[in-house]
Amino acid sequence: MKKILILNGPNLNMLGLRPKEHYGTLSLQQINHLIQEENDSFFDIEFYQSNSEGDLISKIQSCLSFDAILINPAAYTHTSVGIRDALEMFPGVKIEVHLSDVDQRDDFRKINYIRDVCDICFSGKKEESYLEAIRYLKNIN
């Protein structure tokens, strides 16, 4: 069975409390449950969330043998060359995911260090962005 890492960055542990117009109403645990339902045991999925850039980099490095990473780097999208470099070394499929449409938000969010090392991006559809990413992985496997 193929192994997938679902990696979530800073403040995503606070979903449900964040501005609903951008992030929706679901908690991260509820989104993870929806991902598992969509997955339907197709992949072996590991979930990880951290507010620390170094922890996220270390997690990517520890999963180099996985088949895919689905990453919502959150605010680190716009600031982290370190996460970008770790993803660049990952040999499997890399999918960038965002709850909000970061390209249509604040000007500083238009800087994206992650996108060019990922195979595809799903964004702007709240939790549906994650589900589209899982469907994409199922279709290419």
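This briefing covers the sheet, the nonpolar cores and an aromatic pair.

The model is predicted: local features need pLDDT of at least 70, side-chain atom pairs count only at pLDDT 80 or more, and totals for chains, interfaces and linings use all residues. Residues are numbered from 1 along each chain as its sequence is written, and side-chain values use heavy atoms, without hydrogens and water.

**Sheet**
- Five strands form an open sheet in the order β2-β1-β3-β4-β5, with parallel pairing. Strands are DSSP runs of E, at least two residues, and helices are runs of H or I, at least four residues, numbered from the N terminus. Two strands pair if DSSP finds at least two bridges between them.
- β2 (44-49) and β5 (120-123) are the edge strands, each pairing on one side only.
- β1 and β3 share 5 bridges in the parallel sense. Ile4 has Ala68 in β3 as its bridge partner.

**Nonpolar cores**
- A nonpolar core is a set of buried Ala, Val, Leu, Ile, Met, Phe, Trp, Tyr and Cys residues joined through side-chain atoms within 4.5 Å. Buried means under 20% relative accessible area, exposed over 50%, partly exposed in between (1.4 Å probe, protein chains only).
- The largest core has 23 residues; Ile6, Ile35 and Tyr130 touch the most other members.
- α5 gives this core its largest share, 5 residues.
- Another core, of 17 residues, lies apart and includes Leu5 and Ile114.

**Aromatic pair**
- Phe42 and Phe43 have ring centres 4.8 Å apart and planes at 80°, so they pair edge-to-face. Rings of Phe, Tyr and Trp (its six-membered ring) pair with centres within 6.5 Å; planes under 30 degrees apart count as stacked, over 60 as edge-to-face and the rest as tilted.
- Phe42 is partly exposed at 40% relative accessibility, whereas Phe43 is buried at 4%.
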